[in-house]
Amino acid sequence: MDWFLHIFDPATIKAFFVAFEAEMQQPAFWVAVGKIIWINILLSGDNALVIALACRNLEPRQRFWGMILGAAAAVILRIIFTGIVATLMGLPYLKLVGGLALLVIAAKLLVPEEEDEDGVKSASHLWAAVQIVVIADIVMSLDNVIAVAAAARGSVPLLVLGLAISVPLIVAGAALIMALLTRLPILVWAGAALLGWIAGEVIATDPAVAPVLSRIFDGPFGRGLDAMLATMGMGPSFAAGGHGAEVVLGLLGIVVVLVAGSIWRKRKHMKEVPT
C-alpha cells in the first residue's frame with residue numbers, strides 16, 4: 001500500500017513533471033517516443049480489434065464511450081505494469097530474460113497469425129464492454145509491456161507520454177493502421193528489426209552481462225576494433241567504457257530476429273500448404 005500512496009504523493013508528482021520538462025528538451029527523448037509509438041502500433045493490432053469486437057453490439061453513443069473508457073483504462077493499467085517491469089529490469093539477469101523474450105516477440109511479429117473473432121464476446125452494456133476490454137488488454141499485452149519497458153530504459157516521463165499517445169492512436173485508427181501494415185509489410189519487418197536492436201541493447205546493459213562484455217572489449221581486442229573503425233570514419237567506442245558492445249549486440253539482435261522470423265514464417269507457410 002505504501003508504494004501506491006507514494007505514487008500520488010505531491011512530491012512524487014512534482015518530481016515527475018520536473019523530470020518530464022528536462023527530458024523533453026533532449027532530441028533523444030523524442031526519438032525514443034517515436035520508438036514506443038511504433039512498437040505499440042505494431043504489437044497492438046489485436047488489442048484494437050478486441051475493443052471493436054467487445055463494443056460492436058452497443059448503441060452508437062455507448063459504443064463510442066466503451067471504446068474511449070476501455071482505451072483509457074488500458075493506458076493506465078499498461079503504464080502501471082510497464083513501470084513495474086521497467087523497475088524490475090534493474091535486477092541482475094532480468095534484462096537478459098526480458099531481452100531474450102523480446103527476441104521471440106520480434107520474430108513472432110513476422111509470422112502471420114490466424115484471426116479468431118469468435119473468441120471475443122460482445123457486451124450488452126457499457127461497463128461490461130469496458131470490463132472485457134480491460135481484461136483482454138491485460139492478458140494480451142505482455143509482449144507490449146516488455147517491449148515498451150525496454151524502449152523506455154527506465155524513463156517514466158517517456159513511458160507515460162509514449163503510451164498515452166500511442167494507445168488512443170491505435171484505437172482511433174485501428175482499421176487504417178492495419179490496412180497500412182498489410183499494404184506495406186516492410187514496416188512490419190522494420191519494426192521487428194527495431195525490436196531486435198532494442199533486445200540486444202537490453203541484454204548488453206544487464207547488470208550481470210555488462211561486466212562480461214566490458215572485460216571482452218576493454219582490452220586489446222576493443223582497442224583494435226576502435227582503431228579499425230577510426231580508419232573508416234566510424235565511431236562506436238569499444239574500449240574505455242564505450243557503447244560499442246551495445247551496438248554489436250543490437251546488430252546481432254536484428255540478425256537473430258530476421259533470420260529466426262524468416263525460418264518461422266517459412267515453416268508456417270509449409271504447414272498451411274495442403275499436401
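User: What do buried, exposed and partly exposed mean here?
Analyst: Buried means under 20% relative accessible area, exposed means over 50%, and partly exposed is in between (1.4 Å probe, protein chains only). This is a predicted model: local features need pLDDT of at least 70, side-chain atom pairs count only at pLDDT 80 or more, and totals for chains, interfaces and linings use all residues. Residues are numbered from 1 along each chain as its sequence is written, and side-chain values use heavy atoms, without hydrogens and water.

User: Where does Leu-88 lie?
Analyst: In helix H5. Helices are DSSP runs (H or I, at least four residues), as are strands (E, at least two), numbered from the N terminus.

User: How many helices and strands are there?
Analyst: The protein chain has 14 helices and 0 strands.

User: How much of the chain is buried?
Analyst: Buried residues make up 40% of the 275 residues.

User: New topic. Which residues pair in the aromatic pair?
Analyst: The structure holds 1 aromatic pair. Phe-29 and Trp-30 have ring centres 5.2 Å apart and planes at 90 degrees, so the pair is edge-to-face. Rings of Phe, Tyr and Trp (its six-membered ring) pair if their centres lie within 6.5 Å; planes under 30 degrees apart are stacked, over 60 edge-to-face, the rest tilted.

User: Is Phe-29 buried or exposed?
Analyst: Phe-29 is buried, at 3% relative accessibility. Trp-30 is partly exposed, at 41%.
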